[in-house]
Amino acid sequence: MMGRNPHRGATLVSLMVGLVVSMIAVLGMLALYRTAVQVTGESTRYARVTGDRSTAIINAETLLQNAGYGIDGAALASTVVLCDSISAGSNGYQPGSCAAATVDQRKPVMVWRFATLAAPLGSGPAASQCEGLAIDNGQLLYLHALPCASTTALPSWSQDDVSVLFATSGLAGGVFAGIELESEPCAAFGVGGTGAVMAILEAHHPITDNPEDYRPTDPATFRQFVSRTCLTNIGGG
């Protein structure tokens with residue numbers, strides 16, 4: 001009696017099961033790849049923003065060293081003003097609601113006066129100029145040095161007289177938040193000169209892309225970065 005010889009091979013059910021398993025594996029790999037690309041993109045953006053912010057802070061610290069330079073007996077109240085805002089109009093950028101600077105104030109705009117030589121080799125009288133830093137919608141602006149007799153009559157800065165030290169690129173790109181003056185014995189870069197006033201530049205890096213989640217007064221919604229610069233040419237005030 002001849003034994004039965006059943007056909008051997010894959011059934012339709014086994015093929016369908018294998019296909020489903022393969023699809024699940026492929027979808028898992030795609031999800032993993034998407035996550036890796038997203039993390040890499042965010043890391044790259046964060047690194048770029050961090051570098052841009054660090055460069056802006058270094059430039060700002062260097063510029064702040066000019067405050068009071070070349071002015072004998074430079075005092076905070078007569079050399080520096082803090083302003084509530086800066087606006088761009090037909091005549092250029094103009095700080096608004098400015099007042100003589102005192103310590104323990106936090107404002108978005110700081111303008112200072114310094115003196116330069118009007119003629120080479122010190123043969124001419126000192127010429128007074130004003131320059132400053134301004135925070136406008138999170139951006140950090142540099143107001144180029146322009147002639148001014150005092151900080152009570154500030155010039156208007158044209159578009160060509162203003163440089164962007166840090167430009168925001170969406171909320172997740174970070175923002176600058178304020179400038180504050182603090183009474184504290186200090187030295188330039190911690191090693192040279194002596195001063196009595198410290199300028200503190202504050203920046204925020206929001207922890208979310210959603211604009212509604214970032215609140216400048218809520219530390220839980222951002223990471224804080226602070227730069228401290230000694231104003232060695234200015235006495236206390």
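The exercises below work through a predicted model of one protein chain.

Residues are numbered from 1 along each chain as its sequence is written. In this predicted model, local features need pLDDT of at least 70 and side-chain atom pairs count only at pLDDT 80 or more, while totals for chains, interfaces and linings use all residues, and side-chain values use heavy atoms, with hydrogens and water left out.

**Exercise 1.** Determine how many helices and strands the protein chain has, and in which pattern they follow.

Solution. Read along the sequence, their pattern is α-α-β-β-β-β-β-β-β-β-β-β.

**Exercise 2.** Decide whether Ala-199 is buried or exposed, and find which residues it is in contact with beyond its neighbours within four places in sequence.

Solution. Start with the location of Ala-199, which is strand E9 (residues 192-206). Next, apply the cut-offs: buried means under 20% relative accessible area, exposed over 50%, and partly exposed in between (1.4 Å probe, protein chains only). Ala-199 counts as buried because its relative accessibility is 2%. Finally, with contact meaning heavy atoms within 4.5 Å, and neighbours within four places in sequence left aside, the partners of Ala-199 are Leu-64, Glu-180, Leu-181, Ser-227, Arg-228, Thr-229 and Leu-231. Thr-229 is 30 residues from Ala-199 along the chain, yet their C-alpha atoms are separated by 5.1 Å.

**Exercise 3.** Classify Val-13 as buried or exposed.

Solution. Val-13 belongs to helix H1 (residues 12-64), and it counts as exposed because its relative accessibility is 59%.

Note on methods: Helices (H or I, at least four residues) and strands (E, at least two) are DSSP runs, numbered from the N terminus.
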